[in-house]
Amino acid sequence: MAAEMDFDFATDDEHFRRQLREFMAQTLPADWQGICEPGTDALEVSNDFCAQLAQRGWLTQAWPAAYGGRDATIWRQAVLQEELWAHQEPRGSQYMNVNWIGPAIAHFGTDVQKQHFLPRLAAGDMRWGQGFSEPDAGSDLAALRCAATPTDGGYTVTGQKIWTSYGDLADYCFLLCRTEAGSRRKQGLSVLLVDLSLPGISVRPIETIFGPHRQNEIVFSEAFVPSAALLGPEGDGWRVAMTALAFERSGSARYARSARVLGLLEQLHGSDWGEQDDAQFVRLLAFGRVAELMNYNVMAIKERDEVPGWQASAARIHNALLEQEIADFTESVAGIEAVLGGHDEAAPCNGEIESLWLNAPTGTVTSGAYEIQNSIVVRDGLGLEVSR
Amino acid sequence: MNFDLTPEIASMCEVVQRAAADSRDLGADEQWRRLSELGVFDLRGDNSPLPGAVEVGVVSVLDHLGQATMRGPFAESIWAGSDVLASAGGLVTMASTVVVGGETFVPYLQRQPRLLHAAGADPACWTVQHDPATRGADVPVERGQHAWAAAGGARPLAELEPAYAWRAAAATSAGLMSAVLDRTVEHARVRTQFGRTLASFQAVQNRLAECLWRVEGLRLIVREAAWRADRGQQLAEPVSALAWIYARRVSHLVARHSHQVLGAIGFTDEFGVTQLTGAAAVQRSVLPEKPAIKAVRAARAVRAGDPASSVLGGFVA
C-alpha cells in the first residue's frame, strides 16, 4: 500500500531535533565556526563531538543495525544533517562517512570490508578524503589518469589527486583510479579504499581563501595498495563512484544553513527593511522552501530503496543557487557586516553570515559543477544526449 | 514525508488530461462538457470526487489541464462549482459568447489582449481571447464580464480567497510551463543549426535543464500548499503565497528560456507557445506579487535566539 502524502517530519523526528539542538548548545563552544577556522581546537572539538554523537547512537542511526546503525528512517538522518550543517557542520569531514562512504561500502563492499570499516565509521573515529579530481581531470572526471597497476597481492598506485577536502586530516582515501592500462574514459577504472599512512603517499595542503583543511593534493609515488582495498568489481569503478556520488549529492543539507542565515538576517535587519528588501527576502524564502522540498523528494526516493537520479542533481543545484542568491542579498542588507569573518570582533553572529557569503560561490563548482549537474538533468530528465 | 499523488488523484488527472487531449479538435464546448462530466467542477463541492484531498485534487487537475495546453477560467470555474455554472445557463467555454453591454468590439480585439486589459476586461475573460480556435469568429465581448460571471455566481481570480487564487494560479503556471518546455525540447531535438541539433549545444541544454528543475520544484511547493489547505493548517496561506511568488519567477524564466531556444518560430501563432506563456503572463498581471509578499511577512515569527534551520520553522506556529 502506498504511503499517504505527507509534507511534515514525524513528531518523534521533531522531538529528536529539539534534543539535538540542546546537545549542540551544551557541547559546542559558543563561538563555534566549523573545522576550517584557524587553530587546533576546532579539530579536537569535532572529534569529541563525533565520538559523543556515536555514543548516543546518533551519528549513523539510519544505517542498518548490523553496521552500527539503528535502522532509523532517512528522515531522522535528515534532521541530523540539517541541524549539523546549519551549525557549521561540527562533524567536519565525517559527514562524508555517514552520507556516502559508509553507504557505498555497505552497498559494494565485501563482508571483510564491511566488518573492518563500518563499525569504525559508526564510532566516529575515522576520517576520509575523496580521491576523484586530478589536475587534468576536474569536471571531466573520466579523463583521470591516476594508475593502479595490478601486481602481486595488490596494486602499485602512481598519480596525483587534487582539491581533496580535509585530505590533510584523513586516515583513508576513497580513490578512483585506472586499473587497466591503456583503458579509456569510464572503462578500466576501479575504486580503492586506500590507507593514507602507506609508504609512497604524501598529502600537501593548498592554501585558499576558505581556511585550513579545505583543499589538499595527494601524491601517490608507486605506493603499494593491497588487493583487499578494492571496492566493488575491478574495472567497474565508474559505476561504483557514481552510485556513491548519487548517495552524496543531496546529503549535505546546505539548504538548512541557508534558512538559518535568512533567519539571522531577519533578526538583525528585518525591522528596518523597505519594500524592496522585504520582497527579495520573501522571494528567497520561496526559493528556500522549494530547495528543501527538492531535497526531501530525493530522500523519499532513497527511502524507497531506489538510487536517486536527476532529482539529486536538481536538488544540489537548488542548494547551490540558493546560497548564492542569499549571499547577494546579504551584501545588500548587511553591508560591510556581510564580509566580516569570525576573527573580526565586529562580525555579527561570529562571522556565520560571512561564512555563507564566502563559501557560496563554491556550491556550483565542487562535488560536480553546475554544468555537470545540469547535464545529468538533461540526460535523465529530458532524455537528451549529453553534449559538452 | 511523501509527495506522491494518491492513486485516486493521479488517476483522475490522467483521465482529465486524456479527455482534454482527445477532445482538442472537437472544440472548446465539447472539452468543457467532458471536463464537467468527469467531475472537475465538483472538486470543491459536497460531492467531490476526491473527498479528503480536495485542494490537492484541484491543483493537480489545474496542472494537468495546463499540461494539456488548455486555457480558460478553470480555477474560477472550479471555485464557483457546477451549480453556479448551471445557473448561468450553460457551461462557460473558451469560445463562449459573452454578454454584450451595448458596445460591440470588433473581432481583432480578441487577438489584442493588451487592449482588452486596458479596457478593464475581466481577467478570466482575458485568458480566452488569444485562442486560435476562436480566431476570426465574430464573438462579441463585453467589457469585463462573462455571461456566467454576470449571472452573479463566479468571480475573477483576483477576487477569490487569496490563498486559493495563489495556489490555483501557481498550479496552472506549472502545467502551462511544463507544456512550453515539452514543445521547446521537441523543437530543439529536430531543429538543426551549424550541422547539429539545437539540443546538442550545452548552452541550450543548460536552459532546458533549468526549466525542468524549476517546474519540478514549483510543482512540489504547490502540492504542499494544497496539502496544508486540506488540513486547515495556518501555514496553508503563507505557503500558498510562497508558491505563487515562486510560480511568477518560474513562468518568467521558462518563457524567457523557451523563446531564446525557439528563436523566431517561438513568436508565431502557429507554433502555439505564445498562447501558453501569454496565459501565464495574464495570471501574473491579475494576481500581483505584493499581497502575497505582505501575507508572508505578516506570518513570520521573528524571535530572538537560535533561528530555525528550515524555512517553515520561521513562521508563526
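Predicted model: local features only at pLDDT ≥ 70, side-chain atom pairs only at ≥ 80, totals over all residues.
Visitor: Why are α8(B) and α9(B) called roughly antiparallel?

Guide: Helix α8, residues 162-190 of chain B, and helix α9, residues 202-230 of chain B, pack at an angle of about 155°, with their axes 9 Å apart. Angles over 145 degrees count as roughly antiparallel, and therefore α8(B) and α9(B) are given that description.

Visitor: Which residues of α8(B) and α9(B) meet?

Guide: Among those in α8(B) are B:A163, B:R167, B:M177 and B:A188, while those in α9(B) include B:V204, B:C211, B:R219 and B:A229. The residues of this contact of α8(B) with α9(B) divide into 18 nonpolar, two polar and two charged.

Visitor: What makes α8(B) roughly parallel to α10(B)?

Guide: The axes of α8(B) and α10(B) come within 8 Å and cross at roughly 20°. Because angles under 35 degrees count as roughly parallel, α8(B) is roughly parallel to α10(B). By class, the contact of α8(B) with α10(B) has 19 nonpolar, six polar and two charged residues.

Visitor: In which hand does α8(B) pass α10(B), left or right?

Guide: The crossing of α8(B) with α10(B) is left-handed, and α8(B) also passes α9(B) in a left-handed crossing.

Visitor: Which residues touch the most other members of the largest nonpolar core?

Guide: That core holds 197 residues, and A:L192, B:I221, B:A243 and B:Y246 are the ones that touch the most other members. The element that gives the most to this core is α8(B), with 16 residues.

Visitor: How do you know that B:I221 touches residues of chain A as well as of chain B?

Guide: Two residues are in contact if their C-beta atoms, placed from the backbone, lie within 7 Å. Leaving aside residues up to four places away in sequence, B:I221 touches A:R289, A:V290 and A:L293 in chain A, together with B:V239, B:L242, B:A243 and B:Y246 in chain B.

Visitor: How many residues of chain B are in contact with chain A, and which element gives the largest share?

Guide: On the side of chain B, 41 residues are in contact with 49 residues of chain A. The elements of chain B that give two or more residues to this side are α9, α10 (236-262) and α12 (290-299), and the largest share, 13 residues, comes from α9(B). By class, the side of chain B that touches chain A has 25 nonpolar, 10 polar and six charged residues.

How values were computed. Residues numbered from 1 in each chain as written. Chains lettered and ligands numbered in written order. Axes fitted to C-alpha atoms, helices over the stretch in contact; angles between N-to-C directions. Helix = DSSP H or I, 4+ residues; strand = E, 2+ residues; numbered from the N terminus. Parallel < 35°, antiparallel > 145°, perpendicular 65-115°, else oblique. Left-handed = near helix turned anticlockwise from the far one by under 90°. Nonpolar A, V, L, I, M, F, W, Y, C, P; charged D, E, K, R; others polar. Core = buried A, V, L, I, M, F, W, Y, C linked by C-beta atoms within 7 Å. Buried ≥ 20, exposed ≤ 12 C-beta atoms within 10 Å, placed from the backbone.
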